[in-house]
Amino acid sequence: MDTKLQGVGVSHGVAIGEVRHMGTAVLEPPTRRIAAEEAPRERQRAQRAVDAVAADLMARGHLAGGEAQAVLEAQALMAQDPELMADVERRITVGSSAERAVYDAFAAYRAVLAGAGEYFAGRVADLDDVRNRIVARLLGVPVPGVPDSDRPYVLIARDLAPADTALLDPSLVLGFVTEEGGPTSHSAILARALGVPAVAAVPGAGDLAEGLFVAVDGSAGEVVVNPDEAERAALSRAAAERKAAVEGARGPGATSDGHKVPLLANVGGPGDVQAAVEAGAEGVGLFRTEFLFLDDGARPPSEDRQAEAYRQVLAAFPEGRVVVRVLDAGADKPLGFLTPADEPNPALGVRGLRTLLDHPDVLHTQLTALARAAEGLPVYLEVMAPMVADRADARAFADACREAGLRAKFGAMVEIPAAALRARSVLQEVEFLSLGTNDLAQYTFAADRQLGAVARHQDPWQPALLDLVAFSAEAAKAEGKGCGVCGEAASDPLLACVLTGLGVTSLSMGASAIPYVRATLAKHTLAQCERAAAAARAAESGQDARRAAQAVLSGE
């Protein structure tokens with residue numbers, strides 16, 4: 001008899017295969033005291049290992065491209081953090097071996113991050129991965145990672161480091177299951193980009209025996225252990241039907257009765273453009289520009305370099321809409337030349353637009369570069385600010401855009417509940433809203449988007465979050481302006497219907513999700529979407545909201 005484990009579906013699709021576990025973590029290195037004359041050699045060993053790991057992460061990022069590149073480059077900067085290296089050198093000077101000094105220095109930094117609040121839990125996981133890679137290199141043992149196999153399998157892990165997720169081979173890794181993480185974790189975002197079915201936050205996943213057969217349903221968030229033949233056949237049929245529907249859906253996004261819902265792509269740089277075009281994206285709903293600023297954490301990129309990179313993306317969508325988010329620095333994306341190093345709670349501190357308003361030269365250069373990039377192109381450029389809290393923020397951003405001579409629509413991201421509650425006020429200063437549901441959920445429920453223990457609060461189906469979406473959409477409609485969603489919520493086909501019913505005017509997601517959303521929207525009328533949205537908002541929990549919407553859309 002089969003057993004079902006419930007988690008959070010983070011990447012759609014069904015995978016059926018044998019369990020393989022991630023390699024074990026690096027063992028704690030032994031305590032070995034060194035003589036004073038050995039210290040210079042140990043410092044060199046440590047520096048070489050750090051540089052090698054940073055170079056490997058950068059190389060992996062270059063191979064993966066897109067969003068993965070930005071994540072891995074941020075990890076490379078973490079590996080070479082000057083404060084961490086100074087602590088490593090200090091420990092070596094007082095008698096620690098290189099590997100022990102690295103281990104202890106990272107442990108101390110880890111404790112600081114863990115004590116800074118739940119927001120940093122995801123960054124702690126990334127830090128552990130960097131530490132393991134450096135220590136493994138110093139010990140001369142293999143780096144823990146994806147298992148070697150000549151047969152396709154389902155990967156089970158406590159969590160997946162970005163460096164491992166970015167280069168998964170979809171022909172071998174049928175799907176993956178993690179005990180931690182959530183729908184907005186780095187591994188989940190990269191899984192969707194790869195098109196690999198995945199379920200996160202599954203208690204007991206680590207206890208599944210090697211070689212056991214499991215079925216991973218990334219849409220339902222279920223892991224079926226030892227499915228019988230009938231259940232395997234049913235899951236396979238459902239997957240085949242979904243694939244056929246996806247392949248049969250073509251053209252712009254719309255409901256079955258012709259209500260247009262433009263389907264746009266989230267891109268992290270020029271490397272993501274081809275996948276977006278192939279998926280039939282009608283434009284870009286979120287162009288993340290951090291990839292340029294992470295290359296060199298010591299200084300911002302030049303105006304020329306920015307203009308060249310932006311133009312590559314703008315030129316790929318002639319007559320299309322491209323929404324650019326200006327630099328979102330701070331919190332989980334610290335930059336040495338911008339963000340303070342001693343904030344007690346960076347998630348609630350100077351981040352996003354607040355950072356840019358404190359450094360108007362950086363904002364002005366980016367806006368000027370965007371203006372240059374769009375010159376002569378038949379593209380509909382829109383530029384938005386992250387972390388807008390109120391009308392004053394929106395006004396400051398719009399003024400900066402005008403000062404830079406930018407010919408574009410100016411918009412505000414709604415990630416702070418205050419902006420959703422006062423959306424009509426914000427819209428007096430800007431021309432559109434874009435809901436970043438990942439951060440909006442995080443701030444609404446005080447739940448770190450990277451922490452598996454609070455994953456249920458990160459569920460975009462939570463009725464309170466749907467209420468905030470509805471408030472924003474209603475305000476935009478009253479003002480005759482647009483209100484899109486660019487968070488990961490838009491990649492859920494069923495939720496895309498609900499968002500449409502709430503009044504959202506466009507949906508932006510990872511390229512791999514666009515065909516699924518297009519096919520699902522095309523099966524339902526706008527009136528059905530509106531009834532599903534009302535049913536979801538009337539529910540008491542995220543799970544109940546999903547079930548209620550599903551019942552409406554399936555005609556139950």
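**Note on the predicted model: barrel, loops and ring contacts**

1. Asn226 sits in the loop that joins strand 8 (222-225) to helix 8 (229-248). The model is a predicted one. Asn226 has a positive phi, about 55°, without being a glycine. That deserves a mention because most residues other than glycine have a negative phi. With a relative accessibility of 41%, Asn226 is partly exposed.

2. Ala201 is another non-glycine residue with a positive phi, again about 55°. Ala201 belongs to the loop between strand 6 (198-200) and strand 7 (213-217). Its relative accessible area is 14%, so Ala201 is buried, the cut-off for buried being under 20%.

3. Eight strands form a closed barrel in the order 9-10-11-12-13-14-15-16, and their pairing is parallel. On average, neighbouring strands of this sheet are turned by 25° against each other, direction ignored.

4. One of the pairings joins strand 14 (residues 432-435) to strand 15 (residues 482-485), in the parallel sense and over four bridges. Within it, Phe432 has Gly482 of strand 15 as its bridge partner. Helix 20 (residues 514-521) packs on the sheet and touches strand 9 and strand 16 (506-509). The direction of helix 20 makes about 160° with that of strand 9.

5. Phe287 and Phe291 have ring centres 6.2 Å apart and planes at 25°, so they are stacked; planes under 30 degrees apart count as stacked. Both residues are buried, Phe287 at 0% relative accessibility and Phe291 with a relative accessible area of 14%.

6. Phe287 also pairs with Tyr310: the ring centres are 6.0 Å apart and the planes stand at 85°, so this pair is edge-to-face. Because Phe287 is in strand 10 and Tyr310 in helix 11, the pair ties together parts that are 23 residues apart in sequence. Tyr310 is buried, at 0% relative accessibility.

7. Two arginines lie over ring faces. Arg232 is over the face of Phe213, at 4.3 Å from the ring centre. Arg321 is over the face of Phe432, at 5.9 Å from the ring centre. Phe432 is the residue already named as the bridge partner of Gly482.

Definitions and conventions: Residues are numbered from 1 along each chain as its sequence is written. This is a predicted model: local features need pLDDT of at least 70, side-chain atom pairs count only at pLDDT 80 or more; totals for chains, interfaces and linings use all residues. Side-chain values use heavy atoms; hydrogens and water are left out. Two strands pair if DSSP finds at least two bridges between them. Helices (H or I, at least four residues) and strands (E, at least two) are DSSP runs, numbered from the N terminus. Axes are lines fitted to C-alpha atoms, for helices over the stretch in contact, and angles run from 0 to 180 degrees between N-to-C directions. Contact means heavy atoms within 4.5 Å. Buried means under 20% relative accessible area, exposed over 50%, partly exposed in between (1.4 Å probe, protein chains only). Rings of Phe, Tyr and Trp (its six-membered ring) pair if their centres lie within 6.5 Å; planes under 30 degrees apart count as stacked, over 60 as edge-to-face and the rest as tilted. A charge sits over a ring if NZ of Lys or CZ of Arg is within 6 Å of the ring centre and within 35 degrees of the ring normal.
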